[in-house]
Amino acid sequence: MLITLDLPSELEDELSLEATQLKLPLAEYILRVLWFRPFLQNPPKTGAELVSYWESSGVINSRPDITDSQEYARRLRREAQTRE
C-alpha cells in the first residue's frame, strides 16, 4: 500500500533527524515507528513480559551462531581492549 502524507515541516525535520541518527532512510524509520506503535501503547510491565516480547520480536535467539554468550562477551571485550 502506498500512502502519501503531507507532514508539517517541524515533524519532518524531527523524523529525519531521528532516521539519520539510526542511519535509516526516512521511509523505513517511519514504517518502524508505525510498526512498534502497539508496543508503545501497551509496554511490558514485568520482566517476563519483556522477555516474551523480545522472543516474539526475534531479539532473543537472533544469533544462533553464538553458543556461549559469556565467552562471546569476553572475546568482544578482549578485541575492544587490544584494538589500535
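Modeller: A salt bridge is a side-chain nitrogen of Lys or Arg within 4 Å of a carboxyl oxygen of Asp or Glu. This is a predicted model: local features need pLDDT of at least 70, side-chain atom pairs need 80 or more, and totals for chains, interfaces and linings use all residues. Numbering starts at 1 along each chain as written, and side-chain values use heavy atoms, without hydrogens or water.

The structure holds 5 salt bridges. Side chains of opposite charge can pair when their charged atoms come close.

Start with Arg32 and Glu28. Their side chains meet in a salt bridge, with N to O at 3.0 Å. Because Arg32 and Glu28 are 4 residues apart in helix α2, about one helical turn separates them. Arg32 is partly exposed, at 42% relative accessible area (buried is under 20%, exposed over 50%, partly exposed in between, with a 1.4 Å probe and protein chains only). Glu28 is partly exposed too, at 34%.

Now move to helix α5, which covers residues 69–82. Here Arg74 pairs with Glu71, and the N to O distance is 3.3 Å. These two residues are 3 apart in helix α5, about one turn of the helix. Arg74 has a relative accessible area of 37%, so it counts as partly exposed. Glu71 is partly exposed as well, with 32%. Arg78 joins Glu71 and Arg74 in a network of salt bridges.

Next comes Arg63 with Asp65. Their side chains form a salt bridge at 2.8 Å, N to O. Arg63 is partly exposed at 41%. Asp65 has 53%, so it counts as exposed.

Now the glance elsewhere. Asn61 lies in the loop between α4 (47–57) and α5. Its phi is near 70°, a positive value in a residue other than glycine. Asn61 is exposed, at 68% relative accessible area.

Lys23 also has a positive phi, about 60°, and is not a glycine. You will find Lys23 in the loop between α1 and α2 (26–35). With 76% relative accessibility, Lys23 is exposed.

Two more stops remain. Asp13 belongs to helix α1. Its relative accessibility is 52%, so it counts as exposed. Met1 lies in the segment before α1 (9–21). Met1 is exposed, at 94% relative accessibility.
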